[in-house]
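I opened this notebook to record what I looked up in one structure. The entries follow the order in which I consulted it.

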Amino acid sequence: MLFIGLAFYRLKQLQVLYALPSSYTKTAVYWVKLALASAIAAAVAAELLFTAVISSLPGLVNVLTISLLIQTAAYVVAIRLHYYEQTRARNSSDLLLLYWLTTIIVSLVTLRTDLGAKYAPLVTHPAVRAARYTMLLSTIALFCAELWPRKLAEYVLAEDGDEDVVSASRFGVRAPVEDANIFSRLTFSWMSPLLKLGQRKQISEGDLWEIPSNIAPVNIAETFDTNWQYEIDHGTQRAPSLIRALWKTLGAPFALAGALKLIQDAIQFLQPVLLSLLLGFVSSHATDSPQPMSFGYFYAGSLLVLQGIQTLFLHQYFQLCMATGMKVKSSLTTAIFKKAMRLSNETRQEYTTGSISTLFSVDVERIGGVTDYAHIVWSGPLQIVLAIGLLYNTLGWSVFAGVAVMVVSIPLNGWITKRMRELQIGQMKNKDKRTTMIDEALSGVKVIKLYAWERLFLGKIQHVRESLELVSLSKYGQMVAWSSVSMAAVPFLVSFGTFLIYSVFDGVSHGPLTARLIFVSLALFNLLRFPLVMFPTMLSSVVNANVALGRIHKLLTSDELDLES
């Protein structure tokens, strides 16, 4: 039923687009798809007919009949969707790919379950078995056919009289990601041609594709300008909000990234649970009542599958967040530039060229950069609560010794990072000072030679290099060393303190300190370390970004020239 609803929604989207030339769409693959989809619908309809008419099984037949009726309707809708996807879209249908993949998995599980079903005569009947095997094989073939890449011309002209700008813009030199199917986007395999080219030669600008339309600065800036103008026009009802305009422009992909992050967090905390079950399975084989081997295969396989799924969700989350950051920068940079061209004479006295450049180089970068990890603001506390809860369930109150060590290490690492940043800024200033002195000496080398000032200038340059630059480099190296010591010592102290407290003062509430408790606890401590470090950092970044938003908001709402006068 879900697929039928989504399919009708997708059909409404496709029906407003014009059909592609038949020479590019109605290929052999197109007819194979329709034939396979029709074979699937016919096989399910035949099974429905046999189940409802020929068979005399009570009760269960009603459930099977309704189920097969819904499946038949879904396959008929799929045939129509295949037609429109092939003739009006450039890439494989994400909805159909996911539907056929789900159908394959469910069919395999159903066939395996039916072997031991209560109503085996119905399942093992030759007609039913032939229909189900036909459906399964046809579904696998159709799934592969839908994965088959489509070969379209680079340029396809719109039909005469077609004024659908959105439709016409779908054609031309496009980035492969726009025509990639869902599995290619999940695995980023659409980038493989570019990576292979990079192995053979140095990639130049001519080797790159056009920017995808969904992140093209001209499109994003136009959408943001419309939303911001709406905020300005309705300023009498409510104060114009820059955050609200940005959310209308970029909120949907950023919210999707948050959903992916939530799923990824849930999956990563399932892995220590499965690890505990796997270690319990291994330990059971040293006792008189070992667990079945199927349990071990299930735990190990689940760990592998979950790790793969987590990786897919995590990288899609980062891709969406970073794309949102680029869109934010494009939107705000364009808006600031347009506003700077329209500032009134009074406002220009307040905003100099340098102050506006600072908005470009500093404030916009702060706002765009915070989107990469902005979801840590809510995900961080969630991860901390889950990690501490699972740790408490594993080792009891002893885990708070390790948590205390981690909490104490946060300000220490923060001070080291702040000191390294200060030394790096000082080092860049010293480097600029030495470079300026060298440039001055080279530009005035004739005067220096005439008055024999070589030793004087050389002494000044050496003083900056040896007394300032090298000293800063030495201090920076010491901070790097302390940072490395902290990174190596904190995990050891966390685990050592936790296990020491548990062994000496507890050791009873959760049994002896076994490999199961140790490895599960270490895995949870590793998950706890990242949010404890990133959450305070992100709070500071969000505050800085909020200040930057206020500065940009002040510029965008300032007085401007009357263009009609």
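**Entry 1. Basis.** I noted that this is a predicted model, in which local features need pLDDT of at least 70, side-chain atom pairs count only at pLDDT 80 or more, and totals for chains, interfaces and linings use all residues. I number residues from 1 along each chain as its sequence is written, and side-chain values use heavy atoms, with hydrogens and water left out.

**Entry 2. Helices H13 and H21.** I took helices as DSSP runs of H or I with at least four residues, strands being E runs of at least two, numbered from the N terminus. I looked up H13 (residues 242-284) and H21 (residues 515-556), whose axes come within 10 Å and cross at roughly 170°. Axes here are lines fitted to C-alpha atoms, for helices over the stretch in contact, with angles from 0 to 180 degrees between N-to-C directions.

I then listed the residues in contact, meaning heavy atoms within 4.5 Å. On the H13 side they include Leu242, Ile243, Leu246, Phe269 and Leu279. On the H21 side they include Phe519, Val520, Leu527, Ile552 and Leu556. The residues of this contact divide into 16 nonpolar, four polar and one charged. In this classification Ala, Val, Leu, Ile, Met, Phe, Trp, Tyr, Cys and Pro are nonpolar, Asp, Glu, Lys and Arg are charged, and the others, Gly among them, are polar.

**Entry 3. Asn181.** Is Asn181 buried or exposed? I found Asn181 buried, at a relative accessible area of 13%; buried means under 20%, exposed over 50%, and partly exposed in between (1.4 Å probe, protein chains only). Asn181 sits in the loop between helix H9 (176-179) and helix H10 (182-187). Its side chain reaches the backbone nitrogen of Phe183 at 3.0 Å and the backbone nitrogen of Ser184 at 2.8 Å. Leaving aside neighbours within four places in sequence, I recorded contacts of Asn181 with Ser92, Asp94, Leu97 and Leu147.

**Entry 4. Annotated spans.** I consulted the unreviewed UniProt entry, in which the annotation "transmembrane region" covers residues 30-54, 60-83, 95-111, 395-416, 480-505 and 517-535. I checked two of these spans in the model. Residues 95-111 are 100% helix and 0% strand, with end C-alpha atoms 24 Å apart. Residues 480-505 are likewise 100% helix and 0% strand, and their end C-alpha atoms lie 37 Å apart.

**Entry 5. Positive phi.** Most residues other than glycine have a negative phi. I noted that Phe188 has a positive phi near 60°. Phe188 lies in the loop between H10 and helix H11 (192-200) and is partly exposed at 26% relative accessibility. Ala452 also has a positive phi, of about 60°. Ala452 is in the loop between helix H19 (445-451) and helix H20 (454-505), and is exposed at 56%.

**Entry 6. Separations.** I looked up Ala252, which is found in helix H13 and is exposed at 62% relative accessible area. The C-alpha atoms of Ala252 and Trp190, 62 residues apart along the chain, are separated by 23 Å. Leu195, in helix H11, is exposed at 52%. Leu195 and Arg10 are 185 residues apart along the chain, and their C-alpha atoms are separated by 33 Å.

Note on methods. A polar contact is a pair of N or O atoms within 3.5 Å; within protein, one must be able to donate a hydrogen and the other to accept it, and residues adjacent in sequence count only if both atoms are side-chain atoms. UniProt positions are given in the numbering used here, feature names are shortened, and annotations may be inferred rather than shown by experiment.
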